Amino acid sequence: MHLSRFPRLRFAHLPTPLEPLSRLSEVLGGPTIWIKRDDCTGLAGGGNKTRKLEFLMADAVEKGADTIITQGATQTNHGRQTAAIAAKLGLECHVLLEDRTASEDPDYVLNGNVLLDQLFEAKLTTYPGGTDMNAAMEAVAETLRAEGKKPYIVPGGGSNAIGALGYANCALELVSQANDQGLKIDHLVTATGSAGTQAGLVTGLCAINSQIPLLGIGVRVPQQQQEDNVFALAEKTCALLGIEGVVKRSDVQANCDYVGDGYGIPAESTLEAISLFARYEGILLDPVYSGKGAAGLVGLIRSGTFRKDENIVFLHTGGAQALPGYREVFGFDSSIK
C-alpha cells in the first residue's frame, strides 16, 4: 500500500499522539483505554477531516481548481477544516449548511464552527433538512462555472475514496506507533458518520493484515445502513489502491445504539461521555461525533463487551470547536459569581 503514488499536501500535524487514559480506565474498571488524538491534527483546531483534506485538496490543486465547494450540517467540523485549508491555499470556499436539527438556539446557529467558518471567510448558505445536498453542491458549481471559475466539489465529510486514503494512512501510523510502544491493540473504536474515516481505517488495517478489529459507533443512521455505506466506500478505496477484495463485509462492524434522537442531537449518554473525558482526562469531545463515539465505548465497557485485560484504542475524531454552539444542552449555571 504505497500511498506516495497519490498527490498529497502535507499540512496535518502528524503523527498524532497515542496515549493511555489511566484515570478513565480506573474509573470505568474495565480494560485499559488508549486514545489516538486526531483532535490534534492542527488545522483550524484539528479533527479527522484534516487527514482526508491532505489528499482531497491535492487533487483539487492538481486539477486547477480556484474554488472549493462542500457541505455539512450547521455545526460541521468538516466545513471548518475545509474553509481553513482553502484560506491557506488562497482558494474561494463555499460551505453549504443543512439544518438537520431545526434548532433556533442562537449559539447553535451562529457560534462554534459557524463563527470559525466566517473567520476563514467561507461563503455560507443554509438549506432545509432533507435537502439533496449533492445536487445543491452541483447547482452551485454550475453557477460558478458560468462565472468562469473552476470549482472542485469536496463531498460531505470528505468521504470518498480519495479522502479515505487519509485514514488508510492513519492505520499504518497507528500500528507503527503501537509496535514502537510494545502495545498490543485488541480493539479500535471510533465514531462513524459519513463513512470515510471507518472505510479508510478498515482498508488500511486489512491491507497490512493487522488483525485489529475496528468498531464504528454510529452517529446518524441505523446499523445496516451504516455498515453498507462503509463497506461500499471501503471497496472503492481498495479499488483505488489496487487491492480489490482485501476488505470483507465481515470486517465492517458498526454499533448504532448511541445515536439518540438523531444526528447532531446529543443524548444523555453523549453528555455523560463528554463529562467523563473532561473531568478525568482533560480531553474535550464534541456532542455530534466524538461524544457519541465515546458514549458507545463507555457503554460497551460497562456491559462487559471488552475483557479487563484488553487494550482498547479510541480514535478521537475532534470537534470540540462545536461545543460553544451547545451550551444550553449542558444546563450549566448562567449566573456565575
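1. The model is predicted. Please read each value below as computed from that model.

2. Make-up. The chain holds twelve helices and ten strands.

3. Overall size. The chain has 337 residues, and a compact globule of that length would have a radius of gyration near 20 Å. The chain has 19 Å, which agrees. Along the principal axes, the C-alpha trace spans about 60 × 60 × 35 Å.

4. Burial and surface. Of the 337 residues, 56% count as buried. The chain exposes about 13,900 Å². Carbon and sulfur atoms supply 50% of that area.

5. Contacts along the chain. Take the contacts between residues at least 6 apart in sequence. Among these, 80% join residues at least 24 apart.

6. Charge. There are 29 positive and 38 negative side chains. The centres of the two sets lie 4 Å apart.

7. Thr197, setting. Thr197 sits in helix α8, which covers residues 196–207. Is Thr197 buried or exposed? Its relative accessible area is 5%. The cut-off for buried is under 20%, so Thr197 counts as buried.

8. Thr197, partners. Leaving aside residues up to four places away in sequence, Thr197 touches Asn48, Lys52 and Tyr167. With one of these, Asn48, there is also a polar contact: the side chains of Thr197 and Asn48 meet at 2.7 Å.

9. Thr197 and Leu233. These two residues are 36 residues apart along the chain. Their C-alpha atoms are separated by 10 Å.

Conventions. Residues numbered from 1 in each chain as written. Predicted model: local features only at pLDDT ≥ 70, side-chain atom pairs only at ≥ 80, totals over all residues. Heavy atoms only, no water. Helix = DSSP H or I, 4+ residues; strand = E, 2+ residues; numbered from the N terminus. Rg over C-alpha atoms; globule rule 2.2 N^0.38 Å. Buried < 20%, exposed > 50% of the residue type's maximum accessible area, 1.4 Å probe, protein only. Contact = heavy atoms within 4.5 Å. Areas by Shrake-Rupley, 256 points an atom, 1.4 Å probe, with all protein chains shown as cover. Lys, Arg positive; Asp, Glu negative; His and termini not counted. Charge placed at Lys NZ, Arg CZ, Asp CG, Glu CD. Polar contact = N/O pair within 3.5 Å; in protein donor to acceptor, adjacent residues only side chain to side chain.
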